[in-house]
Amino acid sequence: MLCRHASVPQIWPVRFPMPFPELRASEPRAFTLVALIALCGCSINLGSLSSQPDNDAAPKPAPTETSTGDAQADTARGQALARSGKTEEALAEFDKAIALDPHYAEALYDRGLLYQGEKQHQLAIDDFTSASGLTPQRAEPLLGRAISYLALDKIKEAAADLDEAVQADPNNAQIWTTRGFAYERLGDKTRAAGSYGRAVGIHPKDEAARNGFARVGGKAGQTYEPF
């Protein structure tokens, strides 16, 4: 079990498309992870990340062109292995990429997804935190970290990440649905209803959001402030 909550017994598959499609846009880049939160089978599309560093952060040594290229190649191999279900081999490739370029956000993010799929949530949180620092204002690593926080019953931390994630990507219904779940877990039905309602407004067929909205007492036609 990923989270200790008696009312959420469903195990649902989450498909996370790999970030940074500009590197290998012609190839499908997704592998399946398993998380346990009450989103009733919805998939979470993390989209793409930008690997640009935070301009406000302390200067970091720039990797050499060769090491960056090698890190990209190792990461691509890791992604292919992950899609094939070869977890240990994939992890080894991501480790190699990060050893070559510790600031390579794609490898950190991908390794975080791999750790998350293996239920090693603190390791996943550490990698998502690093990726988030390298890709400020992006929703993907925040969502990934929030899911692992939820799995560890760190609901307040998850809600804080999801607050930031919806600001970064306000048209992502799946982030709003996850935020609704977090606030439902916190007992804040008003914010939960607002989040679920936003998700339904963006994606009317999102059954997880519709069910959540009804579960927290949301009324059709009523406006709920999500914050």
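## Terms and model

Buried means under 20% relative accessible area, exposed means over 50%, and partly exposed lies in between (1.4 Å probe, protein chains only). This is a predicted model, in which local features need pLDDT of at least 70, side-chain atom pairs count only at pLDDT 80 or more, and totals for chains, interfaces and linings use all residues. Residues are numbered from 1 along each chain as its sequence is written, and side-chain values use heavy atoms, with hydrogens and water left out.

## Overall build

The protein chain has 9 helices and 2 strands. Helices (H or I, at least four residues) and strands (E, at least two) are DSSP runs, numbered from the N terminus. Their order from the N terminus is β-β-α-α-α-α-α-α-α-α-α.

Of the 227 residues in the protein chain, 47% are buried. Contact means heavy atoms within 4.5 Å. Among contacts with a separation of 6 or more, 62% join residues 24 or more positions apart.

## Two nonpolar cores

A nonpolar core is a set of buried Ala, Val, Leu, Ile, Met, Phe, Trp, Tyr and Cys residues joined through side-chain atoms within 4.5 Å. The largest one has 28 residues. Leu150, Leu162, Ile175 and Tyr196 have the most contacts inside it. Two or more residues come from each of H5, H6 (155–168), H7 (173–185), H8 (189–202) and H9 (207–215). A second, separate core has 14 residues, including Ile98, Ala105, Tyr115 and Ala131.

Take Ile175 from the largest core. Leaving out residues up to four places away in sequence, Ile175 touches Ala139, Leu143, Leu162, Ala165, Val166 and Asp169.

## Helix pairs

H4 (residues 121–134) and H5 (residues 140–151) pack at an angle of about 160°, with axes 9 Å apart. Axes are lines fitted to C-alpha atoms, for helices over the stretch in contact, and angles run from 0 to 180 degrees between N-to-C directions. H4 is therefore roughly antiparallel to H5. Angles over 145 degrees count as roughly antiparallel, under 35 as roughly parallel, 65 to 115 as roughly perpendicular, and the rest as oblique. The H4 and H5 crossing is left-handed: the near helix is turned anticlockwise from the far one by less than a right angle. In H4, the residues that meet H5 include Ile125 and Phe128. Leu142 and Tyr149 are among those on the H5 side. The residues of this contact divide into 8 nonpolar, 5 polar and 1 charged. Here Ala, Val, Leu, Ile, Met, Phe, Trp, Tyr, Cys and Pro count as nonpolar, Asp, Glu, Lys and Arg as charged, and the others, Gly among them, as polar.

The axes of H8 and H9 come within 8 Å and cross at roughly 150°. This crossing is also left-handed. Tyr196 and Val200 are among the H8 residues in the contact, and Phe213 is one of those in H9. By class, the H8 and H9 contact has 7 nonpolar, 2 polar and 2 charged residues.

## Residues to find

Lys119 sits in the loop between H3 (105–117) and H4. Its phi is near 65°, a positive value in a residue other than glycine. Lys119 counts as partly exposed because its relative accessibility is 47%. Asp153 lies in the loop between H5 and H6. Asp153 is not a glycine, yet its phi is positive, at about 60°. Its relative accessibility is 24%, so Asp153 counts as partly exposed.

Ser195 belongs to H8. It is buried, with a relative accessible area of 0%. Beyond its neighbours within four places in sequence, Ser195 is in contact with Trp176, Arg179, Gly180 and Pro226. Ser195 and Arg179 are 16 residues apart in sequence and 6.3 Å apart in space, C-alpha to C-alpha.
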